[in-house]
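Here are my notes on this entry. Please read them with the structure open.

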Amino acid sequence: MTNQRFKDDGGGTMEDLAELWLEGCVMAVVHAAGAEQGYWVDDTGLSHDDGSSNWWQLIPFGGDRAVLMGKDHELSGDLYDDLPQALSAGPGWLRDAWARDDRGLRSTVRAKAPIGFFHWADADGTQDRVPTDGADDGSGLVRAPYSGFNCRLFEPYYEVGDLNEAYAFADALFAAARARALTAEVLLPVLGCADPDRTRPFDLDSALRTAAAAGLTSDSRISELPFL
């Protein structure tokens, strides 16, 4: 399902899962170092919270299978009570994941409720979602941090000095992440641009642990990047 997108049936998202994972995890690495907050990687997958009660979570299940769920706080719908019945008609791997709480799927739903949208992608390239009452399920808030907004890691308002140099640092970071070769040496210049006035050391250990958990380093336990 490489570079496949969730279908757009009026309530679906058209986000590229490969770029969503890669860019979101790079953000999580930068945030784990202490530059900002909002993205993180844990045993369940990649999560984002914008601090305004909007959130989404991407949970990979291997073989390009994935669940993407979240909530737009401006929409009132909640799928929590409907999910068990709705997923009983889903693919076998999803039913099993729900029953066994694989990757903390059921626990995450319980902890995160209300749930505004719940999508899944299968290994054969098919995608589907739990229907919602309204045409808009809120999944439009899911965007890759950079390509999804037609922007780059550093925009002019960052006041980073030499913007071209900052772009070069960012491009090198993304290239290393895509090659599963992210290191402190390629990360530090980006952190210095992201938070130039920082007086405390960056938490490189936390950042590199996050990178390894996301599959962005050569010593990661993940054998390959999800969706790529």
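1. In which helix does Glu19 lie? Glu19 sits in helix α1, which covers residues 17-32. Keep in mind that this is a predicted model.

2. Is Glu19 buried or exposed? Glu19 counts as buried because its relative accessibility is 18%, and the cut-off for buried is under 20%. Setting aside neighbours within four places in sequence, Glu19 is in contact with Gly24, Ala144, Ser147 and Arg178. Check these contacts on the display.

3. Next, the cysteines. Cys25 has a relative accessible area of 0%, so Cys25 is buried. Cys193 is buried too, with a relative accessible area of 10%. A disulfide is a covalent bond between the sulfur atoms of two cysteines. How many disulfides does the count give? The count comes to zero, where the rule asks for a pair of cysteine sulfur atoms within 2.5 Å.

4. Now the aromatic residues. How many aromatic pairs does a search of the whole structure find? The search finds three. One of them joins Phe61 and Trp93. This pair is tilted, with 50° between the planes and 5.5 Å centre to centre. Phe61 belongs to strand β3 (residues 55-62), and Trp93 to helix α3 (residues 92-100). The two residues are 32 residues apart, and the pair links distant parts of the chain. Both Phe61 and Trp93 are buried.

5. On to helix packing. Helix α6 spans residues 184-194, and helix α7 spans residues 204-214. At what angle do α6 and α7 pack? The angle is about 115°, and the axes are 11 Å apart. The crossing of α6 and α7 is right-handed.

6. Which residues make the contact between these helices? From α6 come Ala184, Leu187, Leu188 and Leu191. They meet Leu204, Ala207 and Leu208 of α7. By class, the contact of α6 with α7 has seven nonpolar residues, no polar residues and no charged residues.

7. Last, the loop between α6 and α7. Arg200 is found there. Why does Arg200 count as exposed? Arg200 is exposed because its relative accessible area is 55%, and the cut-off for exposed is over 50%. How far apart are Arg200 and Gly34 in sequence and in space? They are 166 residues apart in sequence. In space, the C-alpha to C-alpha distance between Arg200 and Gly34 is 9.4 Å.

Note on methods. Residues are numbered from 1 along each chain as its sequence is written. This is a predicted model: local features need pLDDT of at least 70, side-chain atom pairs count only at pLDDT 80 or more; totals for chains, interfaces and linings use all residues. Side-chain values use heavy atoms; hydrogens and water are left out. Axes are lines fitted to C-alpha atoms, for helices over the stretch in contact, and angles run from 0 to 180 degrees between N-to-C directions. Helices (H or I, at least four residues) and strands (E, at least two) are DSSP runs, numbered from the N terminus. A crossing is left-handed if the near helix is turned anticlockwise from the far one by less than a right angle, and right-handed if clockwise. Contact means heavy atoms within 4.5 Å. Ala, Val, Leu, Ile, Met, Phe, Trp, Tyr, Cys and Pro count as nonpolar, Asp, Glu, Lys and Arg as charged, and the others, Gly among them, as polar. Buried means under 20% relative accessible area, exposed over 50%, partly exposed in between (1.4 Å probe, protein chains only). Rings of Phe, Tyr and Trp (its six-membered ring) pair if their centres lie within 6.5 Å; planes under 30 degrees apart count as stacked, over 60 as edge-to-face and the rest as tilted.
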